[in-house]
Amino acid sequence: MKKSNIIIFIAMLAFATAGARNRVATYEIQDLEAVRQYKSAMEQWVSSKSPLDLEKIDNLFSGQKIKCRINNGMTQEFVKHGQLRKVDDKQLQSRSMTDFIMAIEKLRKNIVINFSEPRIEYGYSEPESIDPKDVEQSLTFVSMKVKVSGAFEYSGTDLLLVREGEIVQIVSDDSSLPKAFAYYHNKQYDDAFRVFRNMAYANPVEFMAQYYTALMELHCKGCGSLNKQVRDMECAWWIGRGIVVNRVSDNDVRMENPYIVKLANLSKYVTSFDKLPYYNSHGRGLADASMRWCVEKLVKDGLMVYKNKNNRYGFMNEQGKIVIKDEYKMVIQFNNDGLACVQQDGLLGFIDKTGAVVVPARYKSIAMQFVGGKTLAVKPDGTLVVVDTTGQELKVLGKGFEQVLPYYFDNAFCAMHSFVDNEKNRTYYWYDTQDDYPKSQTSYAYVISHTTGYFLSQSGKQEPFPW
């Protein structure tokens with residue numbers, strides 16, 4: 001190559017590189033400016049003692065495409081001090097900005113909030129999209145120190161996840177999500193996958209972690225500890241959940257968690273869902289799986305529910321070894337007592353992790369959980385009984401019952417009485433397993449929200465899914 005050509009080539013390369021840097025800088029500047037606007041708006045609002053204009057404030061902190069979610073150190077302190085209600089004993093869920101603002105409003109007249117100048121952090125990366133046509137900008141990671149003084153004391157560092165000029169999520173810089181992004185950036189894919197996957201299973205509405213878990217499984221990155229069959233089934237499971245939740249969600253929910261849509265959009269990379277548990281290939285497919293897919297876990301304590309070509313169910317471990325043979329019409333994942341509900345010959349019982357029968361399959365309905373070693377079950381003749389973890393029937397609570405709802409709330413189980421005249425006359429009784437009488441009676445039982453992950457208990461109180 002001639003010297004002049006080499007010079008021209010180098011100049012063109014430099015020009016192209018400079019152009020790429022300018023493009024990167026442009027979106028980073030846009031994202032950084034979004035954080036500065038958030039900082040300014042928050043400081044001005046807190047320092048002004050004017051009445052709360054919730055709509056105006058919420059508009060300032062909510063994007064046009066994405067509504068920001070927040071789960072930083074301040075929200076956790078708010079929970080400890082009662083400004084925000086605790087929603088989950090195992091892990092705090094992200095909150096809407098409205099919840100966060102309302103918590104600050106309780107203290108606003110007696111506190112001062114100061115933020116440091118935000119700065120872009122380059123030690124984080126998100127898993128790349130698998131779709132070559134996906135032109136969505138990468139996340140920009142922006143850190144900002146927060147100090148609250150006055151009636152409420154707090155000091156910490158937020159990491160703000162920003163995309164296309166809108167803040168997607170605000171978390172503590174030392175929480176699990178930043179750790180996963182940092183592992184991925186450093187090409188520690190096994191560690192990144194482990195953290196994303198743990199988060200995905202810890203909370204049924206952690207759609208961001210579920211999306212990145214599925215994405216890494218599609219890329220076959222970091223998931224080498226899983227057998228191929230387990231990996232592919234789990235990946236399809238996350239995507240199937242996205243499809244189900246996306247179908248029942250309204251637009252506001254999709255804005256608050258765009259990763260619901262992102263999960264659903266990965267469906268073109270799943271060749272078939274029909275091998276997944278609870279999928280009815282002869283019926284309505286994913287529609288028949290809606291409830292199960294939103295509540296149950298596919299893998300728990302290293303064991304995965306699977307089904308054979310004859311739609312019989314069993315359990316295998318994460319290395320693909322069959323642990324419990326596929327001989328059941330239906331199984332439900334192991335509960336916290338290490339027992340799994342199984343169906344045989346149309347009736348329900350429990351087995352342990354070795355496959356041994358603990359509660360014989362002799363009930364037409366049974367609760368999936370035990371409280372104090374006890375649960376409720378309905379016999380084929382409609383008798384409602386208390387059963388312990390050894391299968392012994394401890395007491396009879398009544399006659400004429402149709403079913404027991406799967407889970408307990410407020411330490412009570414809900415049993416549904418049989419039809420009287422029509423569905424409107426159906427009665428629900430709430431029983432404490434220690435008592436011989438209903439704890440309460442109500443004309444409704446429960447409300448399930450697939451998108452927020454709550455049940456409504458007999459007291460009208462929201463309860464998280466009992467994962």
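Contact here means heavy atoms within 4.5 Å. With that in hand, welcome to a short tour of a predicted model.

**Helix α3 and what covers it**

- Helix α3 spans residues 73-80, and six of its eight residues are buried, so the rest of the structure largely encloses this helix.
- The buried set consists of Gly-73, Met-74, Thr-75, Glu-77, Phe-78 and Val-79.
- Which elements cover these residues? Among the strands there are β1 (69-71), β2 (95-96), β5 (140-150), β6 (154-163) and β7 (166-172), and helix α4 (97-105) contributes as well.
- Just past the end of α3 comes Gly-82, whose phi is positive at about 85 degrees.

- On one side of the pairing story is strand β9 (residues 303-307), which joins β10 through five bridges in the antiparallel sense; here Tyr-306 sits opposite Gly-314 of β10.
- Five residues separate β9 from β10 in a hairpin, and Asn-311 in that turn has a positive phi of about 60 degrees.
- Strand β11 (residues 322-328) also runs antiparallel to β10, with three bridges joining them; Phe-315 faces Ile-324 of β11 in this pair.
- The β10 and β11 hairpin has four residues between its strands, and Gly-320 in the turn shows a positive phi of about 90 degrees.

**A residue in the β9 to β10 loop**

- Is Asn-310 buried or exposed? Asn-310 lies in the loop between β9 and β10, and its relative accessible area of 56% is over the 50% cut-off, so this residue counts as exposed.
- Asn-310 and Glu-327 are 17 residues apart along the chain, and their C-alpha atoms are separated by 9.8 Å.

- Two packed helices are described by the angle between their axes and the distance between the axes.
- For α5 (residues 176-185) and α6 (residues 189-202), the angle is about 155 degrees and the axes are 7 Å apart.
- Angles over 145 degrees count as roughly antiparallel, and α5 and α6 are therefore roughly antiparallel to each other.
- The α5 and α6 crossing is left-handed.
- Contacts from α5 include Leu-177, Phe-181 and Tyr-184, and those on the α6 side include Val-195, Phe-196 and Met-199.
- Helix α6 also packs against α7 (residues 207-219), at an angle of about 140 degrees with the axes 8 Å apart.
- That makes α6 and α7 oblique to each other, and α6 passes α7 in a left-handed crossing.
- Among the α6 residues that meet α7 are Phe-193, Phe-196 and Arg-197, and their α7 counterparts include Tyr-212, Met-216 and Glu-217.

**Cysteines**

- How many disulfides does a search of the whole structure find? The search finds zero.
- Cys-68 has a relative accessible area of 4% and is buried.
- Cys-341 is buried as well, with 1% relative accessibility.

Technical notes
Residues are numbered from 1 along each chain as its sequence is written. This is a predicted model: local features need pLDDT of at least 70, side-chain atom pairs count only at pLDDT 80 or more; totals for chains, interfaces and linings use all residues. Side-chain values use heavy atoms; hydrogens and water are left out. A disulfide is a pair of cysteine sulfur atoms within 2.5 Å. Buried means under 20% relative accessible area, exposed over 50%, partly exposed in between (1.4 Å probe, protein chains only). Two strands pair if DSSP finds at least two bridges between them. Helices (H or I, at least four residues) and strands (E, at least two) are DSSP runs, numbered from the N terminus. Axes are lines fitted to C-alpha atoms, for helices over the stretch in contact, and angles run from 0 to 180 degrees between N-to-C directions. Angles under 35 degrees count as roughly parallel, over 145 as roughly antiparallel, 65 to 115 as roughly perpendicular and the rest as oblique. A crossing is left-handed if the near helix is turned anticlockwise from the far one by less than a right angle, and right-handed if clockwise.
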